[in-house]
Amino acid sequence: MKILLAACNAKYIHSNLAVYDLKAYSSDYDEHVILREYTINQPKDEILKDIYSSGADVVCFSCYIWNISFVRELIRDLVKILPKTAFWAGGPEVSYDAEKFLTEMPEMTGVMVGEGEKTFHDLLEFYIDGKDSLEEISGIAYRTGDKIIHNGWRELMDLSAIPFVYEHLEKFENRIIYYESSRGCPFSCSYCLSSIDKKLRFRDLELVKKELQFFLDHRVPQVKFVDRTFNCKHEHAMTIWKYILEHDNGVTNFHFEISADLLREEEMELMSQMRPGLIQLEIGVQSTNPETIRAIHRHMDLKKLEHCVNRVHSFRNIHQHLDLIAGLPYEDYDIFHQSFNDVYQMKPDQLQLGFLKVLKGSLMQKEAEGYGIVYKEKEPYEVLSTNWLTYGEVLKLKMVESMVEVYYNSGQFWHTLEYLVPLEKDAFTFYEKLGSFYEKKGYSEISHSRMRRYEILLEYLKEETDVPAEVAAQKMLYDLYLREKLKKRPAFAPDQKQYETAVWNYRKNNQVSKTAHIEVFENGTVILFDYEKRDPLSKNAYTEVVQL
């Protein structure tokens with residue numbers, strides 16, 4: 001008897017922690033359990049062939065908003081070539097409407113509802129040992145004849161009972177390592193599924209330390225904690241942060257999702273001592289409108305959040321990623337405009353402008369009609385309009401999102417933006433106008449090279465603003481050379497022939513590396529860009545003003 005755990009990830013670099021947890025928890029059936037990871041970009045025929053060739057008697061799919069349609073299509077074809085195989089699904093995309101899913105998918109045998117480690121083990125006992133019956137297994141919904149039976153959700157388990165899944169790291173080469181030190185969330189944000197599970201559980205800290213040391217010993221490039229609010233328990237977070245500071249291997253980066261307004265002085269003092277790049281923080285702001293924050297049942301002290309973000313920013317050693325959500329209740333276009341500016345002035349390393357997704361099982365799904373929230377029928381169930389935001393305004397915000405992603409989040413235009421944005425009414429207006437220019441010129445539907453993005457920005461400045469284009473061009477040139485030594489000079493870059501002899505002599509006299517670049521700017525400043533000494537956070541070249 002073979003049971004296949006199948007994950008369909010969004011990208012190859014991702015891994016599915018859930019299926020590895022299920023397999024590890026059922027290690028007593030290891031010889032019977034096969035694990036396969038695919039991506040939604042793979043040809044379906046490849047996956048069909050692989051699953052067919054596995055000889056599995058039971059196939060279990062892990063289902064999320066990014067793969068559910070893909071999985072549905074796979075299963076509908078799989079049953080044609082594997083008519084005697086039992087098909088099960090699990091994950092958030094099927095747990096909250098299991099009966100509906102089984103009704104729509106007559107090919108399915110059942111659904112593992114919610115937390116799956118113990119449920120999967122019970123199914124193995126049922127299929128392999130013939131133990132008990134499906135009606136005695138909690139945490140499943142299943143088909144029996146024409147009926148669909150739901151046995152209810154299983155009691156939540158002790159997180160420390162799950163074995164460590166990364167003993168064989170070679171399986172995760174070139175992939176992101178996901179790690180879980182807690183489950184659940186103490187907060188009740190209406191758009192989030194984590195708010196449903198109020199039982200917050202933590203993995204034993206001695207286990208956590210041992211497992212973190214394993215990552216450190218193996219010099220894993222990055223470990224992403226999937227804890228929903230990592231710092232909701234001060235002692236837990238402080239112990240882990242202190243451990244990775246004391247055992248830093250100079251290589252591994254740890255990613256945490258936190259609530260910045262919960263940070264204490266003791267935690268920030270510890271952060272100030274960390275190697276640049278040791279940790280990075282993802283911080284959900286979502287909105288700065290008090291009425292919106294109340295409506296989504298979010299608890300946030302905005303002034304304290306801003307203070308903590310600014311304090312961490314002052315350390316210059318930690319990448320901060322701040323999130324906003326468009327389409328929330330009571331936030332119209334102008335109010336979102338203000339939320340954007342409030343977050344932008346905090347100077348995050350990345351500003352993620354996302355759009356509300358009305359997830360199955362979330363409180364927002366129940367409240368959507370009352371707020372006039374219209375959203376896509378198909379996953380990811382993204383907002384189309386609300387009582388406060390028209391679809392046309394959503395489209396405008398999509399263009400702002402695109403411009404922020406290209407020009408701000410790429411980190412390739414820092415000095416250019418520092419010069420340009422203050423010349424506009426405010427930050428939001430700058431990206432809004434730039435987005436409108438892209439639309440007007442027909443550039444928004446075309447994929448552009450990095451150099452072309454600079455050229456379009458210069459074109460916008462010349463055609464739509466009074467900004468001195470030659471000054472902006474110098475800022476752009478600086479940003480370009482910060483990233484790489486260009487093989488071909490940009491069309492907007494001034495000629496350097498008159499400085500060639502002086503630059504050559506300087507290189508020779510100072511033994512400057514061939515990989516470095518020296519640029520003479522129009523104001524006479526000479527800057528050396530050293531690509532062998534890069535900033536550990538921005539990855540920009542080290543710069544030094546020199547005299548020729």
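Is Gln286 buried or exposed? Gln286 is buried, with a relative accessible area of 8%. Buried here means under 20% relative accessible area, exposed means over 50%, and partly exposed is in between, with a 1.4 Å probe and protein chains only.

Before I go on, some ground rules. This is a predicted model: local features need pLDDT of at least 70, side-chain atom pairs count only at pLDDT 80 or more, and totals for chains, interfaces and linings use all residues. Residues are numbered from 1 along each chain as its sequence is written, and side-chain values use heavy atoms, with hydrogens and water left out.

Back to Gln286. Its phi is near 70 degrees, a positive value in a residue other than glycine. Gln286 is found in strand S13, residues 279-286. Strands are DSSP runs of E with at least two residues, helices are runs of H or I with at least four, and both are numbered from the N terminus.

Now compare Arg219. Arg219 also has a positive phi, about 50 degrees, and is not a glycine. Arg219 sits in the loop between helix H7 (205-217) and strand S11 (222-225). Arg219 is partly exposed, at 47% relative accessible area.

One more backbone point. The peptide bond from Glu379 to Pro380 is cis, with omega near 15 degrees. Pro380 lies in the loop between strand S16 (374-375) and strand S17 (383-385).

Next, strand S12. S12 covers residues 253-258, and six of its six residues are buried. Asn253, His255 and Glu257 point one way. Phe254, Phe256 and Ile258 point the other way.

What does S12 pair with? S11 and S12 pair in the parallel sense over three bridges. Pairing requires that DSSP finds at least two bridges between the strands. Val223 has Phe254 of S12 as its bridge partner. From S11 the chain crosses through helix H8 (residues 234-246) to S12, in a right-handed β-α-β crossover. Right-handed means this: with the strands pointing away from the viewer, the path from the first strand over the helix to the second runs clockwise.

On to S13. S12 and S13 run parallel, joined by five bridges. Phe256 has Leu281 of S13 as its bridge partner. S12, helix H9 (residues 265-271) and S13 form a right-handed β-α-β unit.

Now helix H12, residues 333-344. H12 has 12 residues and reaches 16 Å from its first C-alpha to its last, close to the 16 Å expected at 1.5 Å a residue. The expected span is 1.5 Å times one less than the number of residues. Buried residues of H12 include Tyr333, Phe336, His337, Phe340 and Tyr344. An α-helix has 3.6 residues a turn, so residues three or four places apart point the same way. What covers the buried residues of H12? The cover includes S13, strand S14 (319-326), strand S15 (350-355), helix H14 (391-409) and helix H16 (427-441).

At the N-terminal end, Asp332 caps H12. A side-chain oxygen of Asp332 lies 3.2 Å from the backbone nitrogen of Asp334.

Last, the cysteines. Cys8 is buried, at 1% relative accessible area. For Cys308, the closest cysteine sulfur is in Cys232, 16 Å away, again too far for a bond. Cys308 is buried, at 1%.

Note on methods. Contact = heavy atoms within 4.5 Å. Polar contact = N/O pair within 3.5 Å; in protein donor to acceptor, adjacent residues only side chain to side chain. Disulfide = S-S within 2.5 Å.
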